[in-house]
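Hello,

Here is the structure I promised to hand over. Please have a look at it first; my notes follow below.

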Amino acid sequence: MANHKSSKKRARQETKRAARNRDSRSQVKSVIKRARVALAGGDASASETAVRAAEGVLRRVASKGAIPKKRASRLASRLAKRRNALAAN
């Protein structure tokens, strides 16, 4: 347990940040799932909007440090690759 004033503050900050990061990572999972469902559906316009939304959330969450930037890029790239393959067909 924290005893000093500064360590008590650090503990409070860490609790807030952990909750914020947890919510952000959950949001990432949700938008990726929506994008994958849209891609599986085969509708080009719906998948386009879902993938764009997912890319935006991924970039924002990565910039805050909740997930690594390279992971966000990799996930966005894979979604875009599937979107482009769908648009080509």
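Ala-76 sits in helix 3. This is a predicted model. Ala-76 has a relative accessible area of 2%. Buried means under 20%, so Ala-76 counts as buried. Setting aside neighbours within four places in sequence, Ala-76 is in contact with Glu-55, Leu-58 and Arg-59. Ala-54 is 22 residues away from Ala-76 in sequence. In space, C-alpha to C-alpha, the two are 7.4 Å apart.

Next, the pairing of helix 1 with helix 3. Helix 1 covers residues 5-41, and helix 3 covers residues 69-88. Their axes come within 10 Å and cross at roughly 15 degrees. That angle is under 35 degrees, so helix 1 runs roughly parallel to helix 3. The crossing is left-handed.

Which residues meet there? From helix 1 come Ile-32, Ala-35, Arg-36, Leu-39 and Ala-40. From helix 3 come Leu-75, Leu-79, Arg-82, Arg-83 and Leu-86. Of the residues in this contact, seven are nonpolar, three are charged and none is polar.

Now helix 1 itself. Its 37 residues should span 54 Å at 1.5 Å a residue. The end C-alpha atoms are 55 Å apart, which agrees. The buried residues of helix 1 are Ser-24, Val-28, Val-31, Ile-32, Ala-35, Ala-38 and Leu-39. Their cover includes helix 2 (44-64) and helix 3. Just after helix 1, Gly-42 takes a positive phi of about 90 degrees.

Best wishes

Note on methods. Residues are numbered from 1 along each chain as its sequence is written. This is a predicted model: local features need pLDDT of at least 70, side-chain atom pairs count only at pLDDT 80 or more; totals for chains, interfaces and linings use all residues. Side-chain values use heavy atoms; hydrogens and water are left out. Axes are lines fitted to C-alpha atoms, for helices over the stretch in contact, and angles run from 0 to 180 degrees between N-to-C directions. Helices (H or I, at least four residues) and strands (E, at least two) are DSSP runs, numbered from the N terminus. Angles under 35 degrees count as roughly parallel, over 145 as roughly antiparallel, 65 to 115 as roughly perpendicular and the rest as oblique. A crossing is left-handed if the near helix is turned anticlockwise from the far one by less than a right angle, and right-handed if clockwise. Contact means heavy atoms within 4.5 Å. Ala, Val, Leu, Ile, Met, Phe, Trp, Tyr, Cys and Pro count as nonpolar, Asp, Glu, Lys and Arg as charged, and the others, Gly among them, as polar. The expected span of a helix is 1.5 Å times one less than its number of residues. Buried means under 20% relative accessible area, exposed over 50%, partly exposed in between (1.4 Å probe, protein chains only).
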